[in-house]
Amino acid sequence: MSTKTESKNWVGQSLPRKEEDRLLRGRGKFADDVKLREMLYLRFVRSPYAHAKIVSIDTSAAEALPGVVCTLTGKEIEPYTQPFIEIAPEPGGKIRDFPLAISKVRYQGEPVVAVAAESPSLADDAAELVQVEYEALDPVVDGEEALTDRSILHEEAGTNKIWRGVFEYGDVEKAFKEAAHVVSIDRLHFHRFSSTPLENNVVIGQWDRKDERIHYWCNNSFPSFAIQFLAGHLNVHIDRIRVETFDIGGSFGIKITSYPQMSICALASKKAGGRPVKWVETRSEHMTSSAHGNERTFRDTRVALDKDGVITAIASRHIDDCGAYPRYEPLGCVIWSQVFPGVYRFKNARIDFSQAVTNKCPVGPNRGYSRMQHLWFLERLVDICAHELGIPADEMRLRNYIRPEEMPYTTPNGCVYDSGNYPKMMEVAKSLIGWDEWKKKQEAARKEGRLLGIGIGTTLDSGTNNFGQSQIINPGAPFSGNSQGANCKLDIYGEVVVAVGSCPQGQGHETTSAQVVADVLNISPDMITVRTGFDTDRNVHTGFSGTYASQFAVSGLSAVHGAAQKLKGEMKRLAAFVLVSKEDDIEFGSGAQGPELRSKSNGKSINYWGLANIVNVNSAVLPEELYEITLNCRYIWRAPFAVPDKVKKYGKLTLTYASQLHIAVVEIEQGTYIPRILDYVAVDDCGTVINPGIVEGQVYGATAHGIGAALLESCVYDAVGNMLTSTFSDYTPITAVNMPKVKYGHIETRSPFTYSGAKGMGEGGAAPVHTISAALQDAVFSKGIIIQDSFNNADTMFRALEGKEIYQAGPLVKVEHRA
Amino acid sequence: MAIKLGGEFEVARKPDDVFDFLTDPNKYGPLLPDFQSMSVQDATHFTVKVNVGISYIKGVAEVKMELTEADRPTRAQYKGQGSVAGGNVSLIAGFDLSATVAGTKVAWQGEAQIFGRLTSVAGGLLEPLGKKNVQKMIDALQGALKQDSEPASIAPALSPQPSEP
């Protein structure tokens with residue numbers, strides 16, 4: 001049994017995770033563990049082309065194979081389904097997106113035919129017998145080029161430009177006019193990478209013909225979003241869709257967009273007479289056709305600075321590449337603006353933002369979604385300006401940081417940063433890494449001709465979205481605010497059972513929920529059962545339920561806290577009646593018979609079983625005025641948001657802002673050009689820490705993800721849209737072998753906007769990508785090279801240092817010094 | 001993935017003879033690398049089956065060929081499209097002929113576009129393999145044009161050849 005430290009709450013203690021025992025002993029239950037009677041197995045025939053017309057499809061040979069139950073094509077399902085909802089207004093809103101390609105394919109790996117068979121191997125064999133004739137079309141694989149509409153992906157939209165908006169605040173022209181220095185940067189590029197969860201997507205769908213209900217067993221990480229897309233698409237009432245999730249082996253956002261495959265499993269089940277249909281994604285399928293992170297190009301950037309190197313304005317043009325279908329997009333076109341100025345104080349800015357479709361895998365939310373691209377961009381600006389003006393990188397940041405005394409800080413676009421102390425984080429990080437010692441070592445290394453750089457990356461992890469920002473994208477969008485549901489009950493035998501509308505994928509929701517409830521009821525977390533996984537039939541979800549966007553510590557635990565408080569109130573009222581006492585005299589705690597309530601005034605007590613018994617099976621003793629007590633308390637937490645100003649693009653877009661500051665020491669190895677991390681520090685501030693062990697684990701995970709993205713992981717396409725990195729041999733995800741030792745530190749600045757002072761965390765804002773770019777910049781600036789891409793490996797370093805074709809500072813950066 | 005190659009050679013045959021050879025599917029088809037069999041639909045269309053093998057990916061590719069340009073005696077061009085497990089291929093093979101003192105100069109251009117998973121699981125091998133196979137075809141073409149006999153007798157000597165690098 002866990003023991004509480006005297007006078008300390010459970011919240012804040014580094015308790016071992018309740019989930020650990022189950023998961024480490026191999027007793028976790030995952031979607032693929034679900035085996036159902038008469039289950040069929042589904043395989044997709046996928047497009048080898050990035051862009052092609054479908055001339056003909058012949059499924060006869062596959063259907064003739066014994067054991068094959070049915071096939072599905074896009075043309076076959078089109079009359080019975082609606083295209084998926086488009087979040088974009090027109091022209092993007094005109095796109096007709098179906099789960100199987102109908103008349104043309106738009107990315108390599110796009111599903112064209114589905115085959116359902118009695119076994120996975122039969123489905124594989126049958127899929128190979130399907131004949132599809134294509135007529136290749138001109139592909140477009142670059143976002144900027146896509147905007148020229150040279151080759152249009154979606155004829156119904158008439159353009160590849162899905163969305164465009166100008167975000168302008170302050171007086172940009174005046175700031176540039178008055179600037180002491182103007183730095184212009186021609187092009188920066190944030191590369192496309194993804195997440196590689198241990199468990200790929202899995203869907204089992206069953207269309208029960210008896211009650212016309214669809215039941216999903218799956219690992220989608222935002223089921224309440226998925227069912228909103230599926231209900232209209234499948235022409236069923238949303239209540240007729242049940243989604244259950246279980247333990248999930250990682251998502252990082254990527255599993256949000258598995259609803260097209262969910263659709264096909266249900267439709268195949270319907271065609272197969274209601275038999276359940278299971279689809280288990282292969283690794284190559286995951287790499288080519290699940291979802292990638294957004295790729296973004298930053299053009300024509302100008303930065304205005306005063307004589308001290310303080311940034312006064314920025315202006316830039318951003319092009320986001322969302323792949324072939326805008327499935328969660330164009331939300332990314334506004335979500336970046338949650339962190340509009342990053343951690344910096346500039347007030348004047350103009351960003352001209354466009355999003356284009358290209359013949360590549362559709363993007364989906366990927367850890368740090370949309371904000372990391374922008375934060376990387378800002379960090380590059382700060383870093384390039386520092387080098388060009390000869391200001392040390394740490395000093396440059398300190399001159400530009402929002403100051404702790406300015407918190408809560410309102411950004412130029414109306415977001416409110418709840419708390420933070422960036423200078424303090426830098427102080428902690430510098431101390432942990434031994435900044436002064438490394439500076440001396442760097443000087444010595446440079447004398448030996450070695451390329452050693454020290455980089456700082458400061459970033460924000462904005463959590464708990466205001467979905468009203470979708471109205472900035474599309475004024476007709478029906479979403480605003482944010483909410484989460486939870487239920488806390490005393491079961492018939494007095495067991496405390498908690499259910500939440502989240503679907504954890506390693507974040508420790510079971511443990512942290514128990515910690516919160518334990519504090520409310522003054523019992524041990526071991527006495528609390530938390531039902532994990534999502535289930536629509538538990539009725540604790542809202543339209544925003546799921547696990548994404550660094551919000552559980554705020555939305556999830558606030559809902560749990562609210563439900564526990566509600567339960568506590570009912571228990572107290574009931575106990576006061578039973579113990580013949582005043583409510584104020586009732587105390588919560590544990591006694592000889594387990595958790596109990598005791599009257600201070602008369603010393604009588606009743607345990608949880610006794611209390612639950614009165615409501616559930618001995619209710620004749622209850623007076624009428626207590627009939628409303630159920631000991632089964634549902635609570636919906638609502639974030640305190642208003643709808644943002646859609647015209648000015650102004651308002652509170654997020655509730656909390658965790659921050660991270662990383663420092664890396666990187667050396668480019670002589671001869672091999674491999675960037676080697678020599679030392680690394682990650683400092684985190686997520687406000688009140690619910691469970692330090694879980695937070696530290698999340699920081700390591702996010703750091704690993706970011707280091708992988710910075711140095712190893714890139715989704716590479718060739719000129720005709722072939723994805724060249726569809727296996728782990730080519731994509732080379734980070735592993736423990738190439739993960740450096742990370743020194744961890746943290747500070748706590750409480751959020752004034754949450755009941756606990758906690759801020760959502762776990763995405764890390766891709767801090768390592770910014771940090772490693774900065775360290776490499778520091779290493780090669782003396783060679784006249786600008787780090788202009790977020791992905792840098794031995795090959796790019798070799799080309800930078802030996803070829804220099806696109807890395808030279810001259811063509812990329814221009815600096816105007818004014819009197 | 002695009003593979004582009006080109007080159008030229010000379011043969012001691014008249015341009016008309018070379019042109020006749022190149023535009024006859026029955027003579028040209030068997031010269032394709034790792035030829036297995038072919039069926040001729042008409043004077044300008046034929047389908048050829050060739051062995052394909054890269055590492056553990058092995059199979060037979062069915063390539064539909066079309067003679068798209070035939071300007072006697074100066075130019076011939078084929079376009080082809082085929083599929084194999086893991087990928088599709090589109091190819092163009094063009095031949096520009098000009099008379100020389102010794103016979104005919106053949107300037108050739110080949111371009112293959114490869115689509116599909118094949119490119120990601122074996123992308124690094126495709127370019128050298130493609131170059132090797134195109135060179136094999138040109139060598140076979142040169143060999144066939146040098147001989148007086150009909151190319152039908154040449155084909156068996158040219159295929160099948162293992163295609164692994």
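This is a predicted model: local features need pLDDT of at least 70, side-chain atom pairs count only at pLDDT 80 or more; totals for chains, interfaces and linings use all residues.
1. Domain layout of chain A. The domain assignment divides chain A into domain 1 (18–29 + 483–638), domain 2 (35–137 + 198–282) and domain 3 (163–194 + 291–468 + 644–817). As these bounds show, domain 1 is written as two segments, 18–29 and 483–638, and domain 3 is written as 163–194, 291–468 and 644–817.

2. Domain 1 against domain 2. The C-alpha centres of domain 1 of chain A and domain 2 of chain A are 38 Å apart, and the contact between these domains draws on 20 residues from domain 1 and 19 residues from domain 2. On the side of domain 1 of chain A that touches domain 2 of chain A, the residues fall into six nonpolar, 11 polar and three charged.

3. The seven-stranded sheet. Chain A holds an open sheet of seven strands with mixed pairing, in the order β3-β5-β1-β12-β9-β10-β11. Its edges are formed by β3 (68–73) and β11 (241–245) of chain A, each of which has a single partner strand, so one side of each is left without a neighbour in the sheet. With direction ignored, neighbouring strands of this sheet are turned by 20 degrees against each other on average.

4. Strand β10 (residues 213–218) of chain A runs parallel to β11(A), and the two are paired over five bridges. Within this pair, the residue that stands opposite Trp217(A) is Glu244(A) of β11(A). Helix α8 (residues 259–271) of chain A packs on the sheet and touches β1 (40–46), β3, β5 (111–117), β9 (202–208), β10 and β12 (277–280) of chain A, while the direction of α8 makes about 40 degrees with that of β9(A).

5. Helix α4 and its buried face. In helix α4 (residues 120–129) of chain A, the buried residues include Leu122(A), Ala123(A), Ala126(A) and Ala127(A). Viewed down the axis of α4(A), the buried residues lie within an arc of 135 degrees, so they line one face of the helix. These buried residues pack against β1, β3 and β5 of chain A, and also against α2 (60–64) of chain A; β1, β3 and β5 are strands of the seven-stranded sheet described above.

6. Pairing around β2. Strand β2 (residues 52–58) of chain A pairs in the antiparallel sense with strand β4 (residues 104–105) of chain A over two bridges, and β2(A) is likewise antiparallel to strand β6 (residues 131–136) of chain A, in this case over six bridges. Ala52(A) takes part in both pairings: its bridge partner in β4(A) is Val105(A), and in β6(A) Ala52(A) stands opposite Ala136(A).

7. The four-stranded sheet. A further open sheet of chain A, with four strands and mixed pairing, has the order β21-β20-β19-β25. Strand β20 (residues 496–500) of chain A is parallel to β21(A), with four bridges between them, and Val496(A) stands opposite Ile528(A) in β21(A).

8. Glu379(A). This residue belongs to helix α11 (residues 371–389) of chain A. Is Glu379(A) buried or exposed? With 28 other C-beta atoms within 10 Å, against a cut-off of 20 or more, Glu379(A) counts as buried. Leaving aside residues up to four places away in sequence, Glu379(A) touches Gly457(A), His770(A) and Ala774(A). Lys568(A), by contrast, is 189 residues from Glu379(A) in sequence and 47 Å from it in space, C-alpha to C-alpha.

9. Chain B has four helices and seven strands, which follow one another along the sequence in the pattern β-α-α-β-β-β-β-β-β-α-α. Of its 165 residues, 38% count as buried, and among the contacts in chain B with a separation of 6 or more, 55% are between residues 24 or more positions apart.

Terms used. Residues are numbered from 1 along each chain as its sequence is written. Chains are lettered from A and ligands numbered from 1 in the order in which they are written. Two strands pair if DSSP finds at least two bridges between them. Axes are lines fitted to C-alpha atoms, for helices over the stretch in contact, and angles run from 0 to 180 degrees between N-to-C directions. Two residues are in contact if their C-beta atoms, placed from the backbone, lie within 7 Å. Domain bounds come from an automatic or database domain assignment. Ala, Val, Leu, Ile, Met, Phe, Trp, Tyr, Cys and Pro count as nonpolar, Asp, Glu, Lys and Arg as charged, and the others, Gly among them, as polar. A residue is buried if 20 or more other C-beta atoms lie within 10 Å of its own, exposed if 12 or fewer, and partly exposed in between; C-beta atoms are placed from the backbone. The arc is that of the directions from the helix axis to the C-beta atoms.
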